[in-house]
Amino acid sequence: CCTFRTRTIYAPEPIDAKTFHIFAHEIAHFALPNHNRIDLSNLSEIEADVWAVAALKRVRDYVPATITRLVAKRTAWLLSQAIRAGRISPERLLQLR
């Protein structure tokens with residue numbers, strides 16, 4: 001996780017693809033615009049995951065399938081939570097395709 005007030009990241013040392021992804025995901029919250037608030041939305045979490053995957057690809061030239069599956073499952077779960085909470089409509093998701 002990250003703390004915006006002190007601009008501190010709490011993440012594992014990036015020693016493999018999974019820990020690198022977690023580390024990069026937390027950095028994304030500082031790097032991406034509109035990620036400077038404490039109450040991040042599910043969509044901000046998805047943006048951070050996408051940013052982290054792109055960073056991993058830049059560093060390693062590929063993204064392991066385990067990371068791709070992890071991000072896909074997490075994205076599906078986050079979107080379902082956003083729909084249930086009424087933060088985004090299924091119709092809006094179809095427009096984003």
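The model is predicted, so local features need pLDDT of at least 70 and side-chain atom pairs count only at pLDDT 80 or more, while totals for chains, interfaces and linings use all residues. Residues are numbered from 1 along each chain as its sequence is written, and side-chain values use heavy atoms, with hydrogens and water left out.

**Exercise 1. Check the span of helix H2 against its residue count.**

Step 1: helices are DSSP runs (H or I, at least four residues), numbered from the N terminus. H2 covers residues 42-60, which is 19 residues.

Step 2: the expected span is 1.5 Å times one less than the number of residues. That gives 27 Å for H2, and its end C-alpha atoms are 27 Å apart, so the two agree.

Step 3: look just past the end. Aspartate 61 follows H2 and has a positive phi, near 70 degrees.

**Exercise 2. Find which residues of H2 are buried, and what they pack against.**

Step 1: buried means under 20% relative accessible area, with a 1.4 Å probe and protein chains only. In H2 the buried set includes Ile46, Ala48, Ala52 and Leu56, and also Asn42, Glu45 and Asp49.

Step 2: the buried residues of H2 pack against helix H1 (17-31) and helix H3 (65-84).

**Exercise 3. Describe how H2 crosses H1.**

Step 1: two packed helices are described by the angle between their axes and the distance between the axes. Axes are lines fitted to C-alpha atoms over the stretch in contact, and angles run from 0 to 180 degrees between N-to-C directions.

Step 2: the axes of H1 and H2 come within 7 Å and cross at roughly 125 degrees. Under 35 degrees counts as roughly parallel, over 145 as roughly antiparallel, 65 to 115 as roughly perpendicular and the rest as oblique, and H1 and H2 are therefore oblique.

Step 3: contact means heavy atoms within 4.5 Å. Among the residues making it are Phe20, Ala24 and Ala28 of H1 and Ala48, Trp51 and Ala52 of H2.

**Exercise 4. Is threonine 19 buried or exposed?**

Step 1: threonine 19 is in helix H1. At 15% relative accessibility, threonine 19 counts as buried.

Step 2: leaving aside neighbours within four places in sequence, threonine 19 is in contact with Pro12, Glu13 and Pro14.

Conventions. Helix = DSSP H or I, 4+ residues; strand = E, 2+ residues; numbered from the N terminus. Buried < 20%, exposed > 50% of the residue type's maximum accessible area, 1.4 Å probe, protein only.
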